[in-house]
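Hello,

Here is the structure I promised to pass on. Please have a look at it first, and my notes follow below.

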Amino acid sequence: MKLSELARETGGRITREGEIDALVCDSRVTGKGDLFFCYRGTGEDSHAYAEEAVRRGVNALMCEHELDLDVPQLIVSEGREAMAKIAAAFYGHPERALKIVGVTGTNGKTTVSHMFRDILRAEGENVGLIGTLGSSYGDTVLPPTLTTPDPVALFSMLADMKRGGTGTVVMECSAHALALKKECPITYEAAVFTNLTRDHLDFFGDMKPYGEAKKLLFRRTKCAVLNADDAFTGELLACGAPCVTYGLDSPADCFAIPEREDIGGSRSVFNLNDEICEVELSLTGRHNLYNALAAGAAAQRLGASLSAIARGLKTTRVEGRLERVATYNGGTVFVDFAHTGDGLEKSLSALRPFTAGRLIVLFGCGGNRDREKRPIMGATAARLADFAVLTSDNPRYEDPMAILAQIEAGFRTVSEKYVVIEERERAIAYALSILQKGDVLLLAGKGGETYREVMGIKYDYNDKDVIKSILGTQK
């Protein structure tokens, strides 16, 4: 593809013509035929690696300012946005041939995406999924990387989906991805909003820019599917997209009347825009009713039948999302991804009605992320659980004990019923050892994650594997 063709997509200028065979963001793997992207990032400026890329033989550079290097250059004003537009064009604009549904919100994105995928599968459609737990389409299953992949990977994947006959794609849209314009060429068939609570303030600073990032999705959608019970929905309505609302407390286009709920799931009557169906979920908790309503409303918007909505929702299982994984000594063990105060509150509140004994929670907080949420999560756990085991999560470049001290500070304002065990495997073994009949143990924070990140290295790790190993040795 000619560099001038890509320049037309961005409004940039070229220093001279070049032929592009591949797109590359890492100077260490560049070579002949490549276009290497240079832009000012949040952590570093990749213009610094342009000379290395040229030495390796790249055919051209995309830059935010012209460099003193003898190679064709495409000069753009905003590198991240231009990179997404270039990637979309290079792969033939697959986003224009697909119906893409974006799901955003602090919590619930993964569950809503899986529910939506399962509904459309029940309708017989070929559906692609991109999100926190990885990507899947047809017979292809890709391991997780980022919640929303970077532009080159994203549009390459969408092109593969198009070639394979996928018609609809559901994609988790993180606030980071929206703010960094990773997916900006996409116009969404529908955009789903789950909720807005405190998270990622290490990146955004405060809630206002975090919310503004979410709004970007709703300025590029044909229909907004909005949570009527979340205060931020009022701001999203101002984005101007036609909308469908869902909720359990406020008046909404789509709502549910619960009939039965237990630790294994629920049965409810759904009213979706005045069409009625009975829905059984294998996922427990009020928050999963919200997730199911969001998925059902979006699927109905795309033409799914009530029968498919009911059948799809009944089959949904989501790795590491309030997942019941074991019983031991008469107690029940759940694994969940809850990693915010709001997420922890929803999961503990969901389990409390079905806890005959003690509700025990094991959790930590990630390093190099929003420090102020740590005491909040501590206080939330102390308020809602009978006992807590505080442990390490992904410490990254921080001292795990310093993170735990911040969680403790919040916990102690409410309760003293906790222990601190830094090593997560030992903490899990201890939590299992104190289980008694009627107790419920929630392991929160990692969910289906398959790694632990320490000092820049990701080690193989999974909470469920640890549980299986411990219980296997005790049989």
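Let me start with Phe204, which is buried at a relative accessible area of 12% (buried means under 20%, exposed over 50%, partly exposed in between, with a 1.4 Å probe and protein chains only). A word on the source: this is a predicted model, where local features need pLDDT of at least 70 and side-chain atom pairs count only at pLDDT 80 or more, while totals for chains, interfaces and linings use all residues. Residues are numbered from 1 along each chain as its sequence is written, and side-chain values use heavy atoms, with hydrogens and water left out.

Phe204 and Tyr210 form a tilted aromatic pair, 5.4 Å centre to centre with 40 degrees between the planes. Rings of Phe, Tyr and Trp (its six-membered ring) pair if their centres lie within 6.5 Å; planes under 30 degrees apart count as stacked, over 60 as edge-to-face and the rest as tilted. Tyr210 is buried too, like Phe204. Phe203, in contrast, is partly exposed at 31% relative accessibility. Ring pairs link Phe203, Phe204 and Tyr210 into a cluster, and the whole structure has five aromatic pairs.

There are also charges over rings (NZ of Lys or CZ of Arg within 6 Å of the ring centre and within 35 degrees of the ring normal). The charged end of Arg452 sits over the ring of Tyr461, 4.4 Å from its centre. Likewise, the ring of Tyr451 has the charged end of Lys458 over it, 4.4 Å from the ring centre.

Best wishes
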